[in-house]
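Please open the structure in a viewer and keep the selection tool at hand. The tour moves from one selection to the next.

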Amino acid sequence: MSEGEWERTKVAPAAGGDDCVRAGTTGGTAAVGGTALRGRGASGGAARSAQARDRADLGHEQATAMLADLRRTLLDRFGTTDEALLDSRLLGETLPGPARRGSERRATGSLVVPVRFHVVHSGGSGRLSTAAVRRQIATLNAAYGGRLGGSDTHVRFRLDSLDRTDNSAWFHNPQRNEGPIKRRLRKGGRGTLNLYTAAVGSDVLGFSTFPQWYRRDPRLDGVIVDFRSLPYGSYAPFNHGFTAVHEIGHWLGLMHTFEGGCVSPGDGVADTPYEQEPAQGCPQGRDTCPQRGRDPIHNFMDYAHDACMRGFTTGQGRRIRAVWAAYRSRKPGRHRVDLGTGAPGAARSVGAAR
């Protein structure tokens, strides 16, 4: 089956009883690299009515530092921190010689990300079919392509390989075994997405690294999600495949829409309204911050139920492309742009006040 045929496959299940409803708050933390971070999952037992979480709640100081690092990196590599200007340069670039290969190849104006998909299972438990993996890739392309209601980020995903590893310890405790799993299975460089599935759990459904962390330990780069969160999985209301969409958003450089609450700079993206706390269920019309705009409860970088999530914003797409140019593209000479992406959006500088 071709990738185009995968994308024509139904990408999100219409699961019965999966309507968006208001849910209660739960806690929980996970220690990552010495920093306490909360993670994307669902808790609350069989009903699974509580909010989803992941390990990428950064805290104000860490989020601000990451945005500052992005500004410095863009300025050093490209001579600008203006994402719209950078986009225009990327669009205007002419590729010399043969067409680019891998993640930097132009394809209908989009960035194509190669995916190495690793299924970790225990016997028959968690041993995903090839069809299930292809449905997840189709879901990624629909979500990032704006076909579920949001803006087109001009990012596409291409399944380059699929492998399966039967290891009960890894499968049942991927957080504890994250290092061994990734060091054994990871393939490719900074521009290759390594996506793993295992029994991550109900308190945390998935976790990801940020692009800024790649230089610290390249072998740990990647995304791990619970196999039951894939399309038609058993983890309703988080079973449309959007856990992977959300976590890959972090891998591409996006923060939570509620990052920092109502305090500037939030997630550093101009067109995602400030949000005091993560959405639970699908709280229609919620407005928790004094700044203009209602809470972005339908955004893939919030914590709403999968049935409530619809898309990314234009600014988030622009941020992804800027972050990719800064951290995941092939390292160019100073102030040289070597990455092909899609259309630019409205002008703003990285991390500027919103």
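Select A198 and D226 to begin: A198 stands opposite D226 in strand β8. Helices (H or I, at least four residues) and strands (E, at least two) are DSSP runs, numbered from the N terminus. This is a predicted model, in which local features need pLDDT of at least 70 and side-chain atom pairs count only at pLDDT 80 or more, while totals for chains, interfaces and linings use all residues. Residues are numbered from 1 along each chain as its sequence is written, and side-chain values use heavy atoms, with hydrogens and water left out.

Next, show β6 (residues 193-198) together with β8; the two pair in the parallel sense over four bridges. Two strands pair if DSSP finds at least two bridges between them. Which way do the residues of β8 (residues 223-226) point? V223 and V225 point one way and I224 and D226 the other, and all are buried, that is, under 20% relative accessible area, with exposed over 50% and partly exposed in between (1.4 Å probe, protein chains only).

Now select D221 and R186, which form a salt bridge with the closest N and O atoms 3.1 Å apart. D221 lies in the loop between β7 and β8 and R186 in the loop between α6 (178-185) and β6, so the pair ties together parts that are 35 residues apart in sequence. Both D221 and R186 are buried. A salt bridge is a side-chain nitrogen of Lys or Arg within 4 Å of a carboxyl oxygen of Asp or Glu.

Move to D87 and R321, whose side chains meet in a salt bridge (2.6 Å, N to O). This pair links distant parts of the chain, with D87 in helix α3 (residues 83-92) and R321 in helix α8, 234 residues apart. D87 and R321 are both buried.

Then select R286 and D295, a salt bridge with the closest N and O atoms 2.7 Å apart. R286 counts as buried because its relative accessibility is 14%, and D295 counts as buried at 7%. Another selection is D69, R72 and R215, which are linked in a network of salt bridges. A search of the whole structure finds 15 salt bridges.

Finally, select helix α7 (residues 242-251). How many of its residues are buried? The helix is mostly covered, with 10 of its 10 residues buried, including H246, E247 and H250. G253, which follows α7, has a positive phi, near 110°.
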